[in-house]
Amino acid sequence: MQNKQHLYNLLLHLADNDLILGQRLSEWCGHGPALEQDIALSNIALDLIGQAEMWFQYAQSLGINDKNQDQLAFARNEWEYKNVLLVEYPNTDFGYTIVRQFFYDIFHKLILTELKESADTQIAAIAAKSIKEVDYHLKFSSEWLIRLGDGTELSHQKIQTAVNELCDFANELFLPTESESIMAKAGIGYELEPLRSVWIDEVQNILKIATIDAPDKEGHQKGGKNGIHSEYFGHLLSEMQFLQRAYPNLSW
Amino acid sequence: MNKAEWPLWEVFIRSKNGLSHKHVGSLHAPDSEIALENARDVYTRRNEGPSIWVVESKNIFATDPADNDMLFETAKNKIYRHPSFYDIPKEVKNI
């Protein structure tokens, strides 16, 4: 495989993480626990979908195939999406949504910080633009994690349950694909392994403030990065893709 | 956390540096930090400005409309207090 194909794979992986989490968050629109949080979650969803769009645009511009950015976002099959399993996990409740967001935000910020220094100037520019938004996402999710974890008995229990469940999906964040490894060596991507301990430290710092126990287990859920998704994913796609499947190339 | 227990906050936004903060609306939040985040999310989505103040509504004290005659009516016939007898140079903005 040529480097260009690996670059393309990396860009799709970055785009898919943002797109799928953005889709999940937008399911909250109109259902948020309070109007203010409803708008906040929709804002974050829009930020992520906007970032996905930038990655898709760049991927499209490589000219690997004739798929445009809309087709990349809305007309691929399940196994062609390369997002991590964490971001497709169902919203479940506000606690799960906040924990999922918090886990992803810390990870997202770490890789964008690496990508800001990428030898590929386009990637560096997109990362520099995105990281300001992600700083806010992380502030939002950590503030809520702390308040709910260190809140009432019920909110504490709900956050602890979500942390115990979702930490199963953390390990996959740091398992590099072939394309990620090759792009890292080329100075374009990021090395995942060194980020793992940084991620664990940062997560544990906030969990401690939130009076939540950090589960001591190695997450075993993986597959999304290679296109092997959870049973929830097909349902997510059917909703997200419906319009483009029913009316191909429809635009505003 | 029950939303009914969240206090009400008044939101003030400075539309640009040099101008004063203006009241733009209110929202519910459990504390000042979240109130600022909520204000950012609800009231600054369209570039409304670079600075936000939030004040818990219970800390704002208002005049009683029943006192309006006593407080405000008396100023109305004192037109000489208004700076409307001066020509304002075109260059002066924001008055």
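A: The largest cavity here comes out at about 30 Å³, and bear in mind that the model is a predicted one. Rolling a probe the size of a water molecule over the atoms is what shows where empty space is left.

So who's around it? The lining consists of L14(A), N17(A), D18(A), W55(A), Y104(A), H108(A), I111(A) and L112(A). Sort those by class and you get 5 nonpolar, 2 polar and 1 charged residues. The biggest contributor is α5(A), with 4 residues.

While we're at α1, follow it over to another helix: α1 of chain A is also part of what covers the buried residues of α9(A). Helix α9 spans residues 178–185 of chain A, and its buried residues are S179(A), E180(A), M183(A) and A184(A). Looking down the axis of α9(A), these buried residues fall within an arc of 135 degrees, so they line one face of the helix. The spacing makes sense if you recall that an α-helix has 3.6 residues a turn, so residues three or four places apart point the same way. On the face of α9(A) turned away from the buried side sit E178(A) and K185(A), both exposed. After α9(A) comes G187(A), with a positive phi near 80 degrees.

Notes
Residues are numbered from 1 along each chain as its sequence is written. Chains are lettered from A and ligands numbered from 1 in the order in which they are written. This is a predicted model: local features need pLDDT of at least 70, side-chain atom pairs count only at pLDDT 80 or more; totals for chains, interfaces and linings use all residues. Side-chain values use heavy atoms; hydrogens and water are left out. On a 1 Å grid over the protein atoms alone, a cavity is a set of points where a 1.4 Å probe fits but cannot get out, and a pocket is an open set with protein on both sides within 12 Å along at least five of seven lines; lining residues have an atom within 4 Å of a point. Grid points are joined across faces, edges and corners, and a volume is the space filled by probe spheres set on the points. Helices (H or I, at least four residues) and strands (E, at least two) are DSSP runs, numbered from the N terminus. Ala, Val, Leu, Ile, Met, Phe, Trp, Tyr, Cys and Pro count as nonpolar, Asp, Glu, Lys and Arg as charged, and the others, Gly among them, as polar. Buried means under 20% relative accessible area, exposed over 50%, partly exposed in between (1.4 Å probe, protein chains only). The arc is that of the directions from the helix axis to the C-beta atoms. Contact means heavy atoms within 4.5 Å.
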